[in-house]
Amino acid sequence: MRKIYFVSLLVLTLSLAACSNKPAATQQQWDDYFVGKINFEDKSPDSEGSRIYNSLIPNPEEYIAEQARTVLNTLYFSPDDSIVPVNNLYYTIEEMDGISGKGGGNGEVSIYYSTKYVASSFTDNDTAKVFFETRGVLLHELTHAYQLEPQGIGTYGTNKVFWAFIEGMADAVRIANGGFTGEADRPKGGNYMDGYRTAGYFFVWLRDNKDPEFLRKFNKSTLEIIPWSFNGAIKHIFGEEADIDALWKEYQIAVGDIKD
C-alpha cells in the first residue's frame with residue numbers, strides 16, 4: 001500500500017539521555033506522559049467515510065493519545081529520554097485523495113486521514129477491517145511525529161538513507177504493534193533501502209532475534225552516530241564486527257526469501 005506524505009523535517013539538536021541499556025519504562029509512566037494536545041477536526045462531516053470513522057472511534061482525542069503512547073513506548077526507553085516535542089497535534093479527517101499524511105514540526109504537527117479511503121476500505125460492511133487499517137495507518141503517522149531523525153546526511157527529500165530510515169521505522173513500529181497482518185503483509189525480497197514494510201519487517205526481525213531493545217536503540221542512534229548511516233548504527237548497537245548487509249542476508253535466509 002502506497003501512502004502520500006507531506007513532510008516538513010528539521011534536524012534536531014537534542015541532548016543525550018542516560019545510557020540506552022536501561023530498562024524500559026512501565027506502562028504507568030507512559031500513561032502519565034503528556035503526548036501533546038490532540039486537536040481533532042472532522043472536515044467532511046457529511047461524507048460516508050466520516051460516518052464510518054466516527055462510529056468506530058467515538059472519542060478520537062482519547063484514542064489518538066492512546067496510540068501515541070504506544071508509539072512512544074516502542075521508540076523510547078522512558079519519558080526521560082530526548083523525545084521529539086509535540087505540543088499540538090492537529091488530526092483531521094477529510095474528503096481527499098490519498099490515504100494519510102503528516103506535516104509540520106517544531107512542536108506543531110498535523111496529520112490528515114482520508115475519509116475517501118475509509119469509505120473505500122469498508123467492503124462487505126467489515127468494520128473490524130476498517131478499524132484495523134485505521135489503527136495501523138495512525139501508528140505509522142504518529143511514528144513520524146515522534147521519531148528521531150538521522151543527522152549530518154541531508155533531509156527526507158534529499159537523501160535516500162534518511163528516507164529509508166524514516167519510512168522503515170514508521171512501518172516497523174506499526175508491525176511491532178500488530179498493525180499489519182503478519183507474514184501475509186511482508187514484502188518478499190528487496191532491500192532495507194526500500195524503506196516501508198521491506199525495511200520495517202527487517203528491523204522487527206532484528207528486535208525479535210538479536211536484541212529486544214533494537215528499535216529503541218536504533219531510534220536513539222540518530223543522536224549518537226553523526227553523520228548517521230545504517231552500518232554505523234548497526235555497529236554501534238551490535239559491535240564493530242556487525243554488518244548490516246550480512247544481517248540482511250541472514251534475515252532473508254531465515255524468512256525463506258533466499259537459500260543459504
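A salt bridge here is a side-chain nitrogen of Lys or Arg within 4 Å of a carboxyl oxygen of Asp or Glu. By that rule the count comes to ten salt bridges. Keep in mind that you are looking at a predicted model.

**Stop one: salt bridges**

Start by selecting Arg51 and Glu48. They form a salt bridge, with the closest N and O atoms 2.6 Å apart. Both sit in helix α2 (residues 48-56), three residues apart, which is about one turn of the helix. How exposed are they? Arg51 counts as partly exposed because its relative accessibility is 45%, and Glu48 is partly exposed too, with a relative accessible area of 40%.

Next, pick Arg207 and Asp208. Their side chains meet in a salt bridge, 2.8 Å from N to O. Arg207 has 24% relative accessibility, so it counts as partly exposed. Asp208, at 52%, counts as exposed.

Now go to Asp211 and Lys217. Here the closest N and O atoms of the salt bridge are 2.7 Å apart. Is Asp211 buried or exposed? Asp211 is buried, and Lys217 is buried as well.

To finish this stop, select Glu183, Arg186 and Asp257 together. These three are linked in a network of salt bridges.

**Stop two: charges to look at separately**

Side chains of opposite charge can pair when their charged atoms come close. With that in mind, select Glu94, which is in strand β2 (residues 86-94). Glu94 is buried yet has no salt bridge. Which side chain of opposite charge is nearest to Glu94, and how far away is it? That is Lys43, 4.3 Å away. A salt bridge needs the nitrogen and oxygen within 4 Å.

Then turn to the surface and select Asp31, Asp32, Glu62 and Glu66. They gather in a patch of negative charge. Zoom in on Asp32, which is in the loop between α1 (27-31) and β1 (37-42). Its relative accessibility is 59%, so Asp32 counts as exposed.

**Stop three: a buried Phe**

Jump to Phe202 in helix α7 (residues 196-209). Phe202 counts as buried because its relative accessibility is 0%. Phe202 and Trp248 are 46 residues apart in sequence, but 7.4 Å apart in space, C-alpha to C-alpha.

Switch to a backbone view. Most residues other than glycine have a negative phi, and most peptide bonds are trans. Pro227 lies in the loop between α8 (214-224) and α9 (230-238).

Move on to Asp124, which has a positive phi of about 60° although it is not a glycine. Asp124 is in the loop between α4 (115-121) and α5 (127-146). With a relative accessible area of 77%, Asp124 is exposed.

Last, select Tyr196. Tyr196 is not a glycine either, yet has a positive phi of about 45°. Where is Tyr196 placed? Tyr196 is in helix α7.

Note on methods:
Residues numbered from 1 in each chain as written. Predicted model: local features only at pLDDT ≥ 70, side-chain atom pairs only at ≥ 80, totals over all residues. Heavy atoms only, no water. Patch = residues over 30% accessible without salt bridge, like charges linked within 9 Å, V, L, I, M, F, W, Y side chains within 5 Å. Areas by Shrake-Rupley, 256 points an atom, 1.4 Å probe, with all protein chains shown as cover. Lys, Arg positive; Asp, Glu negative; His and termini not counted. Charge placed at Lys NZ, Arg CZ, Asp CG, Glu CD. Helix = DSSP H or I, 4+ residues; strand = E, 2+ residues; numbered from the N terminus. Buried < 20%, exposed > 50% of the residue type's maximum accessible area, 1.4 Å probe, protein only.
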